[in-house]
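Colleague: I am new to this structure and would like to know what the labels used for it rest on. Please give the cut-off with each term.

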Amino acid sequence: MRLAAPLRRPHARRAGFTLLEVLVVVAIIVILASVGVVATTRYLEDTRKGSAKLACQGISNSIDAYMKNPANPEGLPPSGPGDLTNPPFGGTGFLKNGADDLLDPWGQQYQMTPTTQGDGSTVMLVYTTSKNDGVKISQYGIGPASRVP
């Protein structure tokens, strides 16, 4: 009687991932991370523009307060941004954080430009441009809504 040959077992596969599977997963992670970085950068830039618009509104309100101040009986507008921090007629400044409120989120100083409206009245307009894309920002809005020529 002959003994039967032992049954051959198929080679047991080791548990694990192939190099191709690992590379595919890494590629997907890289793509998702790059999309996240782009979205975050865009979000931060939009936030800075919104912050600049709000600061322009605050400066515009400070200009209105400056012109309506009883120590300024003629109601003259400030001759420059420095007049809002150190008024020529004395008293305290019109900005909460002083000269720090005159810097936009990109570290540039806000510019005040007198403009003439359609009815002929002159309005002091505060605006800044984003150093990244040149979009004009004022107390009225961002981009075309800013009313800055």
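Modeller: A salt bridge is a side-chain nitrogen of Lys or Arg within 4 Å of a carboxyl oxygen of Asp or Glu. By that rule, a search of the whole structure finds 1 salt bridge. The model is predicted, so local features need pLDDT of at least 70 and side-chain atom pairs count only at pLDDT 80 or more, while totals for chains, interfaces and linings use all residues. Residues are numbered from 1 along each chain as its sequence is written, and side-chain values use heavy atoms, with hydrogens and water left out.

Colleague: What makes Arg-48 and Glu-45 a salt bridge?

Modeller: Their side chains come to 3.5 Å, N to O. The limit is 4 Å, so the pair qualifies. In general, side chains of opposite charge can pair when their charged atoms come close.

Colleague: Where do Arg-48 and Glu-45 lie?

Modeller: Both are in helix H1, 3 residues apart, which is about one turn of the helix. Helices (H or I, at least four residues) and strands (E, at least two) are DSSP runs, numbered from the N terminus. The chain has 2 helices and 4 strands, in the order α-α-β-β-β-β from the N terminus on.

Colleague: Is Glu-45 called buried or exposed, and why?

Modeller: Buried means under 20% relative accessible area, exposed over 50%, and partly exposed in between (1.4 Å probe, protein chains only). Glu-45 has 11% relative accessibility, so it is buried. Arg-48 has 35%, so this residue is partly exposed. Of the 149 residues of the chain, 25% count as buried.

Colleague: Why is the pair of Tyr-66 and Phe-94 called edge-to-face?

Modeller: Rings of Phe, Tyr and Trp (its six-membered ring) pair if their centres lie within 6.5 Å; planes under 30 degrees apart count as stacked, over 60 as edge-to-face and the rest as tilted. Here the centres are 5.5 Å apart and the planes are at 65 degrees, so the pair is edge-to-face. Tyr-66 is in helix H1 and Phe-94 in the loop between helix H2 (82-85) and strand S1 (111-116), 28 residues apart, and the pair links distant parts of the chain. Both residues are buried.

Colleague: What joins Tyr-66, Phe-89 and Phe-94 into a cluster?

Modeller: Ring pairs do. The rings of Phe-89 and Phe-94 have centres 6.3 Å apart and planes at 75 degrees, so this pair is edge-to-face as well. Phe-89 is at 25% relative accessibility and therefore partly exposed. The search of the whole structure finds 3 aromatic pairs.

Colleague: Why does Asn-72 count as buried?

Modeller: Its relative accessibility is 8%, so Asn-72 falls on the buried side of the cut-off. Asn-72 lies in the loop between H1 and H2. Not counting residues up to four places away in sequence, Asn-72 touches Tyr-66, Met-67 and Phe-89, where contact means heavy atoms within 4.5 Å.

Colleague: How do you know that Thr-115 is buried?

Modeller: Thr-115 is at 19% relative accessibility, and therefore counts as buried. It is found in strand S1. Thr-115 and Leu-125 are 10 residues apart in sequence and 6.6 Å apart in space, C-alpha to C-alpha.

Colleague: What makes a set of residues a nonpolar core?

Modeller: They must be buried Ala, Val, Leu, Ile, Met, Phe, Trp, Tyr and Cys residues joined through side-chain atoms within 4.5 Å. The largest nonpolar core has 14 residues, and those with the most contacts inside it include Ala-52, Ile-59 and Tyr-110. Helix H1 (residues 19-68) gives the most to this core, with 5 residues.

Modeller: Phe-17, Val-22, Val-26 and Val-30 make it. Patches are made of residues with over 30% relative accessible area and no salt bridge: like charges are joined within 9 Å, nonpolar side chains (Val, Leu, Ile, Met, Phe, Trp, Tyr) within 5 Å. Accessible areas come from the Shrake-Rupley method with a 1.4 Å probe; for residues, only the protein chains shown count as cover. Val-22 is at 39% relative accessibility and so counts as partly exposed.
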